[in-house]
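These are my notebook entries on a single structure. I set out to look up its sheet and its charged side-chain pairs.

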Amino acid sequence: MALVLGALPALAFPAPSWWWLAWFAVVPLLLVVRAAATSWDGAVRACWGVGGFVLTTQYWLATSTGPLLVVYAIGLGGLWLPWGWIVHRLLSAPVTAGRVAAAVVMLPSAWVAAEAVRAWPPLGGPWALLGASQWNQPVTLASASVGGVWLTSFLVVAANAAIAVAIVHHGPMRMVALGCAAACAALGPAWYLLGPAPASGPTVRVALVQPGDIDDATAREAASEAITATLVGQRLDLVVWGESSVGQDLTRHPEVLARLAELSRRVGAELLVNVDAAAPGGGIYKSSVLVGAGGVLGSYHKTRLVPFGEYVPLRPLVGWVTRHSKAAAEDRRRGAGPVVLSAGGLDIGPLVSYETTFSDLARREALLGAELLVYQSSTSTFQGSWAQLQLAAQPAVRAVEAGRPAVHAGLSGDSSAFDVRGHRLAWCPSDFRGAVVVSVPLGSSTTPYQRLGDWVPVTAFVVLGGAVVVAMLRARRRDKLRG
């Protein structure tokens with residue numbers, strides 16, 4: 001039952017995108033955990049519940065990992081064992097005002113702490129964090145500008161915890177709990193309406209090129225070139241291609257670079273292409289390369305690589321998985337970190353695919369002076385699955401967190417664009433072939449999250465650490481009294 005009920009919050013994410021469901025979808029799992037015979041049993045139920053959530057949000061990995069997906073899902077669920085233990089301890093005891101307050105603070109803290117550990121790149125990164133379920137509702141997502149996606153996760157779990165308290169306990173505390181749930185749900189809208197408005201700026205015209213799922217690298221590049229050629233005369237400021245859109249290193253193939261430079265001259269805008277090829281010095285990088293009429297204007301090498309997809313952690317020990325899955329046969333190389341590229345006076349922060357899920361990278365781009373976040377991805381392996389929609393939804397969260405508009409070009413779909421407050425400007429589904437021109441207002445703001453960083457997960461760990469210290473002191477006091 002925990003496995004099934006734990007999957008309910010997944011429906012708040014794309015494709016269903018029932019954002020409103022997240023605000024009470026965790027309640028059934030809370031009740032199942034509370035009903036366990038012991039706190040340890042409750043912890044195990046929580047593990048299975050979150051495992052079901054991971055299996056549902058990332059079912060599309062089964063085509064490349066096979067049965068290892070189940071191991072991965074239950075392994076990540078293990079990070080929620082402390083959360084389940086705390087749920088049982090707080091919700092199964094008689095309710096008091098103190099316990100209501102503890103539930104509304106401790107349970108979301110434990111959840112966010114688990115999400116923060118899960119966000120460690122070798123574990124798969126911050127995919128489908130609960131707060132990201134609000135991507136298509138700018139009013140509730142506004143809390144992410146204060147504390148990142150972490151604060152939105154905190155508020156969602158706190159609201160669920162308060163509703164669970166109201167269900168299982170009667171009396172005056174029920175109204176207190178419902179009031180807490182309403183307050184958590186209202187914080188984002190309050191900030192959206194009363195917080196500082198983003199500074200207005202000029203509007204730029206960005207073209208997102210989506211050629212489709214093409215296996216052959218030469219044909220894929222030719223398709224992107226042909227689509228881009230149709231944009232001549234549209235007064236563009238930037239053209240963005242998807243990840244792995246160019247399969248040849250531009251320094252080794254000057255004829256390719258010359259062709260791209262000429263295309264940039266004809267279109268009248270710089271091209272941000274993505275090269276997936278062996279570098280002259282050896283090794284393979286995923287590189288965002290800005291090409292103008294005069295040649296290469298700058299580049300960015302992907303920093304965060306997909307575990308097993310682009311490199312195999314501890315390859316000498318677990319390299320055998322490449323024989324039974326689609327894991328990377330050769331490790332890609334990492335870049336030095338985020339950079340800002342100037343495209344005709346427009347400062348852009350390029351990031352690649354998997355990096356779309358990381359809040360800190362977008363924040364660093366904003367601090368470096370990027371006016372526009374630009375993401376390039378290729379989800380051809382998962383064509384037609386929820387993976388494409390989930391990835392294309394992430395730039396909305398990053399835009400709100402960093403206080404910068406964001407565009408996302410998917411090689412084979414989905415492509416998207418969002419303004420600084422997370423309002424959707426464009427969306428191209430996976431079956432779309434061609435280019436879409438988006439007018440992006442360069443409004444910006446210095447968000448509290450941009451200034452303060454990941455203060456929410458840090459606070460969550462402090463709360464949990466304080467709770468452990470208090471529990472130890474109480475246990476010692478009881479031992480003294482017994483002695």
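Is Arg304 buried or exposed, and at what relative accessibility? I found that Arg304 counts as buried, at 17% relative accessibility. The cut-off that I applied for buried is under 20% relative accessible area. I note at the outset that this is a predicted model.

**Entry 1: Arg304 and its partner**

I next looked up the partner of Arg304. The side chain of Arg304 meets that of Asp360 in a salt bridge, at 2.7 Å from N to O. Asp360 belongs to helix H14, while Arg304 sits in the loop between strand E5 (295–301) and helix H13 (315–318), so the pair ties together parts that are 56 residues apart in sequence.

**Entry 2: other salt bridges**

I recorded the general principle that side chains of opposite charge can pair when their charged atoms come close. The count of salt bridges comes to 7.

I then examined Glu225 and Arg259, whose side chains form a salt bridge at 3.0 Å, N to O. Glu225 is in helix H11 (residues 217–229) and Arg259 in helix H12 (residues 254–267), so this pair ties together parts that are 34 residues apart in sequence. Glu225 is buried, with a relative accessible area of 14%, whereas Arg259 is partly exposed at 39%. I also noted that Glu221 is linked with Glu225 and Arg259 in a network of salt bridges.

For Glu243 and Lys286, I read a salt bridge whose closest N and O atoms are 2.8 Å apart. This pair links distant parts of the chain: Glu243 lies in the loop between strand E2 (238–240) and H12, and Lys286 in strand E4 (residues 284–292), 43 residues apart. Glu243 is buried, with a relative accessible area of 2%, and Lys286 is buried as well, with 7%.

**Entry 3: the sheet**

I traced an open sheet of 6 strands, ordered E6-E7-E8-E9-E10-E11, with mixed pairing. Strands E6 (341–343) and E11 (424–428) stand at the edges with a single partner strand each, so one side of each is left without a neighbour in the sheet. From one strand to the next, the twist averages 20°.

Ser415 stands opposite Cys428 in E11. Helix H14 packs on the sheet, where it touches E7 and E8, and its direction makes about 160° with that of E7.

I then looked up the pairing of E8. Strand E7 (residues 346–352) pairs with E8 in the parallel sense over 5 bridges, and Gly349 stands opposite Leu373. Strand E9 (residues 406–410) also runs parallel to E8 and is joined to E8 by 5 bridges. There, Gly410 is the bridge partner of Ser377.

Last, I followed the connections. E7, helix H14 (residues 359–368) and E8 make a right-handed β-α-β unit. From E8 the chain crosses through helix H15 (residues 386–402) to E9, and this β-α-β crossover is right-handed.

Conventions:
Residues numbered from 1 in each chain as written. Predicted model: local features only at pLDDT ≥ 70, side-chain atom pairs only at ≥ 80, totals over all residues. Heavy atoms only, no water. Pairing = 2+ DSSP bridges. Helix = DSSP H or I, 4+ residues; strand = E, 2+ residues; numbered from the N terminus. Right-handed = clockwise from strand over helix to strand, strands pointing away. Salt bridge = Lys/Arg side-chain N within 4 Å of Asp/Glu carboxyl O. Buried < 20%, exposed > 50% of the residue type's maximum accessible area, 1.4 Å probe, protein only. Axes fitted to C-alpha atoms, helices over the stretch in contact; angles between N-to-C directions. Contact = heavy atoms within 4.5 Å.
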